Amino acid sequence: NEVEDFFAQHMIVSAQLLSDYIEIAEKAGLGADEINRRLTSITDKTVLDEFWVTDEKGHAYLHKIGLPNFTFSPSAEQQPQAHEFWPLLTGKADIVVQRARKREIDNETFKYVGVRGMDKPRIVQVGYNANYIESIEQKLGIQRAIDNLLDSEDIEAIFIFNREINIIAAPRSNNQ
């Protein structure tokens with residue numbers, strides 16, 4: 001939970017920057033296709049997996065190229081995961097941070113953070129596949145365990161390798 005909460009704070013920054021970018025891009029006359037192309041390029045080059053930006057009715061007209069069209073609903077029955085972001089559209093919330101969970105469109109586990117639109121009512125959301133967050137948690141958990149074991153006098157060193165024989169955890173040097 002600590003890693004996910006820490007990660008959420010950075011996701012809020014990403015979503016806020018995205019909200020500002022959308023406002024500026026649209027005021028500059030960029031169309032949805034060009035905005036999608038530019039933002040998809042960012043998701044292709046970084047760890048960010050997805051972005052969803054809606055109009056005033058909840059339709060995500062901006063999203064990573066290749067993702068299905070999607071319209072947010074206020075109904076928890078229709079959208080058990082996505083409906084939680086509806087208050088951003090109505091102005092009842094400025095930020096929504098959702099724990100990693102399965103989404104209804106494909107049963108993949110994702111973590112989402114959304115913010116309210118800067119220029120008009122809209123949902124501005126960024127998402128990460130939970131596998132990325134879990135990999136960070138595992139690395140931090142393994143390193144913490146190694147550090148604790150090495151604090152004892154009985155163990156000199158511990159190295160952990162993955163299946164490809166790459167080191168995924170090792171003793172920290174005295175400089176760290």
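At 0% relative accessibility, Gly114 counts as buried, where buried means under 20% relative accessible area, exposed means over 50%, and partly exposed lies in between, for a 1.4 Å probe and protein chains only. This is a predicted model, in which local features need pLDDT of at least 70 and side-chain atom pairs count only at pLDDT 80 or more, while totals for chains, interfaces and linings use all residues. Residues are numbered from 1 along each chain as its sequence is written, and side-chain values use heavy atoms, with hydrogens and water left out.

Gly114 lies in strand β5; strands (E, at least two residues) and helices (H or I, at least four) are DSSP runs numbered from the N terminus. When residues up to four places away in sequence are not counted, Gly114 touches Phe85, Leu88, Asp94, Ile95, Val96, Val124 and Gln125, a contact being heavy atoms within 4.5 Å. The C-alpha atoms of Gly114 and Gln98 are separated by 8.5 Å, and these two residues are 16 residues apart along the chain.

## Aromatic rings

A pair of aromatic rings is described by the distance of the centres and the angle of the planes. Rings of Phe, Tyr and Trp (its six-membered ring) pair if their centres lie within 6.5 Å, and planes under 30 degrees apart count as stacked, over 60 as edge-to-face and the rest as tilted. By this rule the count comes to five aromatic pairs. In one of these pairs, the ring centres of Phe85 and Tyr112 are 6.4 Å apart and the planes stand at 80°, so the pair is edge-to-face. This pair links distant parts of the chain, since Phe85 is in the loop between β2 (60-63) and α3 whereas Tyr112 is in strand β5 (residues 109-116), 27 residues apart.

The rings of Phe110 and Tyr112, in contrast, have planes at 15° and centres 5.6 Å apart, so the pair is stacked. Phe110 is buried at 5% relative accessibility, and Tyr112 is buried with a relative accessible area of 3%. Arg103 lies over the face of Phe110, at 3.8 Å from the ring centre; a charge sits over a ring if NZ of Lys or CZ of Arg is within 6 Å of the ring centre and within 35 degrees of the ring normal. Ring pairs also link Trp52, Phe70 and Phe72 into a cluster.

## Trp86 and its contacts

Trp86 is placed in helix α3 (residues 86-90). Leaving aside residues up to four places away in sequence, Trp86 touches Lys57, Gly58, Phe72, Ser73, Pro74 and Ile123. Of these, Gly58 is 28 residues from Trp86 along the chain, and the C-alpha atoms of the two are separated by 7.7 Å.

## Two residues with positive phi

Most residues other than glycine have a negative phi. Asn107, although not a glycine, has a positive phi of about 65°; Asn107 is in the loop between β4 (101-102) and β5, and counts as exposed at 54% relative accessibility. Ile165, also not a glycine, has a positive phi of about 65°; Ile165 is found in the loop between β7 (160-161) and β8 (167-169), and counts as exposed at 62% relative accessibility.
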